[in-house]
Amino acid sequence: PSADLGLLTKCLQLTSYSGDERELANYLAQHCREVGIKSWVDEAGNFVAAKGNGPRRLLMMGHLDTVLFPWKVNWRAGGLSGRGAVDAKSSLVAFVEVLKVIKVPVGSQVMVVGATEEEVSSSKGAFYARDHYPAKAVIIGEPSGSQALTLGYFGLLKLKLTVRQQHGHSAGSKAVSSSDILLRRIGLLRSTLSEIDPDGVSAIIECKSWDEQNESCAEGVLNFRVSPKANLKLLKNVATDGPQHISTVVLRETPGAVFSRLSTLVGSFARAFSEDGVKARYLIKKGTSDMNTLATTWKDVPMVAYGPGDSTLDHTAHEIISNEEFRRSVRILSRVANEWLFANNEVEDANPRVGH
């Protein structure tokens, strides 16, 4: 690859499944130290690099981990194919490339974080960053496409339902299996929650059954993507107020987060898009990201998500990032960071939050 694509290529070659990101974190930290940037791996396993030491911090946070199953990294048709090419190593590497060239004024800092365990419910790295790296503005590294900007995400209510009952013969005239009970309850929940939050989206992401000595058991995991304006507490109460013979455990409850287009951060992106000849799109996504985690306690901190790649390829065996897509994202991020850093440090974003 060309020199500006070398780091991206190497990062794709290093597998970094959720919970096993240390090799990639160490490699990126070493790479940054070799070019004179302070960097380390923190207690959560996050890769962290920073320029400047002032209180006005711009945080650019991507994630190190990918979902399972890699394939050989290949350059083809002007693009790079491999697990994480879209979700979301290209975004994180773009942040590093910007950090390498950006000049940071006195009183400011640019920090890049590659978080651990974003693809699983724990979000270990994001919670650590939330509690240890406060910032004045945040860019989350997720594939929006280099010509679009994500202003917010739906929330997530993740439920585990378990049914246990005494063994009975499946041929009985009134036989109802543990799987029957589980699927009926999940179906009722999906219908009820959708009535409360019509914009929400649900999916069964796990379903299994097994036998123990005296019991027939079934278990399922239901994801409900909660719209940003929905009452998450009400949805949780309805979901857990079920029959006593069905155990319902909340694995995760994360509210949606949406931010205004009126912040100075979004304004910087708008001008960067215009300078690059891009007619930008502004998105609210039905997935979740580390933005949701930061927003649980960070109030009035403007956030966006931006990164190269087609997000419809996330978690598929067809992830590919084009050279120009990656390069455009680096150009735009460099312009945004430069403008935000050198804006009047006394001017803070007014009323950045629209809804949470």
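1. Largest pocket. The largest pocket of this predicted model has a volume of about 710 Å³. A pocket here is an open set of points on a 1 Å grid over the protein atoms alone, with protein on both sides within 12 Å along at least five of seven lines. A cavity, by contrast, is a set of points where a 1.4 Å probe fits but cannot get out. Grid points are joined across faces, edges and corners, and the volume is the space filled by probe spheres set on the points.

2. Pocket lining. The largest pocket is lined by 28 residues; a lining residue has an atom within 4 Å of a point. Nearest its centre lie Glu118, Glu119, Arg225, Thr288 and His315. The lining divides into 8 nonpolar, 8 polar and 12 charged residues. Ala, Val, Leu, Ile, Met, Phe, Trp, Tyr, Cys and Pro count as nonpolar, Asp, Glu, Lys and Arg as charged, and the others, Gly among them, as polar. Strands E9 (155-166), E10 (201-211), E11 (215-226) and E12 (246-254) each supply at least two lining residues. E11 gives the largest share, 3 residues. Helices (H or I, at least four residues) and strands (E, at least two) are DSSP runs, numbered from the N terminus.

3. Conventions. The model is predicted: local features need pLDDT of at least 70, side-chain atom pairs count only at pLDDT 80 or more, and totals for chains, interfaces and linings use all residues. Residues are numbered from 1 along each chain as its sequence is written, and side-chain values use heavy atoms, with hydrogens and water left out.

4. Four-stranded sheet. The strands E10-E11-E9-E12 form, in that order, an open sheet of 4 strands with antiparallel pairing. Two strands pair if DSSP finds at least two bridges between them. E10 and E12 are the edge strands, each pairing on one side only. Neighbouring strands are turned by 15 degrees against each other on average, direction ignored. E9 and E12 run antiparallel and are joined by 8 bridges. Leu161 stands opposite Thr248 in E12.

5. Helices on that sheet. Helix H5 (residues 178-196) lies across E9, E10, E11 and E12. H5 runs at about 15 degrees to E11. Helix H6 (residues 232-240) packs on the sheet and touches E9, E11 and E12. The direction of H6 makes about 165 degrees with that of E12. Axes are lines fitted to C-alpha atoms, for helices over the stretch in contact, and angles run from 0 to 180 degrees between N-to-C directions. Contact means heavy atoms within 4.5 Å.

6. Three-stranded sheet. A second topic is the open sheet of 3 strands in the order E4-E5-E16, with antiparallel pairing. Its edge strands are E4 and E16, each pairing on one side only. The twist averages 25 degrees from one strand to the next. E5 and E16 run antiparallel and share 3 bridges. Gly79 has Ser322 in E16 as its bridge partner. Helix H9 packs on this sheet and touches E4, E5 and E16. The direction of H9 makes about 65 degrees with that of E16.

7. Helix H1. Which residues of H1 (residues 6-13) are buried? They are Leu7, Leu8, Thr9, Cys11 and Leu12. Buried means under 20% relative accessible area, exposed over 50%, partly exposed in between (1.4 Å probe, protein chains only). These buried residues pack against helices H2 (22-34), H3 (89-101) and H9 (323-342). They also pack against strands E4 (74-76), E5 (79-81) and E16 (320-322).

8. Strand E6. E6 (residues 108-115) is largely enclosed by the rest of the structure, because 8 of its 8 residues are buried. Both faces are covered. Ser108, Val110, Val112 and Gly114 are buried on one side, and Gln109, Met111, Val113 and Ala115 on the other. In a regular strand the side chains alternate between the two faces of the sheet. E2 pairs with E6 in the antiparallel sense over 5 bridges, and Phe47 has Gly114 as its partner in E6. E3 and E6 run parallel, joined by 8 bridges. Leu58 stands opposite Val110 in E6.

9. Two loop residues. Pro55 lies in the loop between strand E2 (47-51) and strand E3 (56-63). Pro55 counts as exposed because its relative accessibility is 69%. Leaving aside neighbours within four places in sequence, Pro55 is in contact with Gly107 and Lys136. Thr297 sits in the loop between helix H8 (290-295) and strand E15 (303-305). Thr297 is partly exposed, with a relative accessible area of 42%.
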